[in-house]
Amino acid sequence: RSSDLQCKVYKTPSYDSKVRVFMKRMEILHLDIKSKLIDVQYLVCADVDIVFHDTVGVEILGDLVTALHPGFYKTGSVGFTYERRRESQAYIPMDEGDFYYQANFFAGTLQEIYDLTKSCDAAIKSDDSKGIIAIFHDESHFNKYLLYHKPTKILSPEYIWSSGIRQTSEIRTIKNIHGDKSF
């Protein structure tokens, strides 16, 4: 019942750069899951700059749900911006990969989101200890995780379109748009 639903807002630390925010997101999520969100059945993670333009409902629920990146859903894996430096924990070889996912909108059961964010956080910290920042920060680690831990549901790019990409003919409805993350 909708009367049983609750929305809780938790204050998170601020950081001195956008890159640091992205790099800390996975740590914040997995620590908050362990300490604050223990009674949650499903968790939807969305960046603060996402604007909802259409109805988003239960179709986004599943064990581990991700959305295809709108800039790469027509591209083969060779065109993906995976991390290609072997020394990074986010490294994906040129002959591997099936999809490129956007890390700013994902959902799943509490356990699946905990496992994903804990793994990504550990890989980010390992890279950081070696002075490495993956090419697309936490999104690179997110894609590496999903390469070997397949999502149970993949949403079309309409669920997280980019304000910098023109809508294409096969995308009839844009559900959400995220802002420009130029650095």
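Strand 1 and strand 4 pair in the antiparallel sense over 5 bridges. Two strands are taken to pair if DSSP finds at least two bridges between them. The strands, like the helices, are DSSP runs numbered from the N terminus (E, at least two residues, for strands; H or I, at least four, for helices). Within strand 4, F105 stands opposite A46. The model is a predicted one: local features need pLDDT of at least 70, side-chain atom pairs count only at pLDDT 80 or more, and totals for chains, interfaces and linings use all residues. Residues are numbered from 1 along each chain as its sequence is written, and side-chain values use heavy atoms, with hydrogens and water left out.

Strand 4 (residues 101–109) also pairs with strand 3 (residues 64–68), again over 5 bridges and in the antiparallel sense. Here L68 has Y101 as its bridge partner. A107 of strand 4 stands opposite V65. These strands belong to an open sheet of 4 strands, with the order 1-4-3-5 and mixed pairing. Strand 1 (42–46) and strand 5 (153–155) stand at the edges with a single partner strand each, so one side of each is left without a neighbour in the sheet. Direction ignored, neighbouring strands of this sheet are turned by 20° against each other on average. In a regular strand the side chains alternate between the two faces of the sheet.

Two helices pack on this sheet. Helix 2 touches strand 1, strand 3 and strand 4, and its direction makes about 140° with that of strand 4. Helix 3 touches strand 3 and strand 4, and its direction makes about 55° with that of strand 4. Axes are lines fitted to C-alpha atoms, for helices over the stretch in contact, and angles run from 0 to 180 degrees between N-to-C directions. Strand 4 is largely enclosed by the rest of the structure, because 9 of its 9 residues are buried. Buried means under 20% relative accessible area, exposed over 50% and partly exposed in between (1.4 Å probe, protein chains only).

The two helices also meet each other. The axes of helix 2 (residues 110–129) and helix 3 (residues 137–148) come within 9 Å and cross at roughly 125°. That makes helix 2 oblique to helix 3. Angles under 35 degrees count as roughly parallel, over 145 as roughly antiparallel, 65 to 115 as roughly perpendicular and the rest as oblique. On the helix 2 side, D115, L116, S119, C120, A123, I124 and D127 meet D138, H141, F142, Y145 and L146 of helix 3. Contact means heavy atoms within 4.5 Å. The residues of this contact divide into 7 nonpolar, 2 polar and 3 charged. Ala, Val, Leu, Ile, Met, Phe, Trp, Tyr, Cys and Pro count as nonpolar, Asp, Glu, Lys and Arg as charged, and the others, Gly among them, as polar. Helix 3 is largely enclosed by the rest of the structure, because 10 of its 12 residues are buried. Among them are F142, Y145 and L146.

Helix 1 (residues 18–35) contains H30. At 9% relative accessibility, H30 counts as buried. Leaving aside neighbours within four places in sequence, H30 is in contact with Y114, T117, K118 and D121.

A further open sheet has 3 strands in the order 2-7-6, with mixed pairing. Strand 2 (50–52) and strand 6 (161–162) stand at its edges, each with a single partner strand, so one side of each is left without a neighbour in the sheet. Strand 6 and strand 7 (residues 176–178) run parallel, joined by 2 bridges. The bridge partner of S162 in strand 7 is H178.
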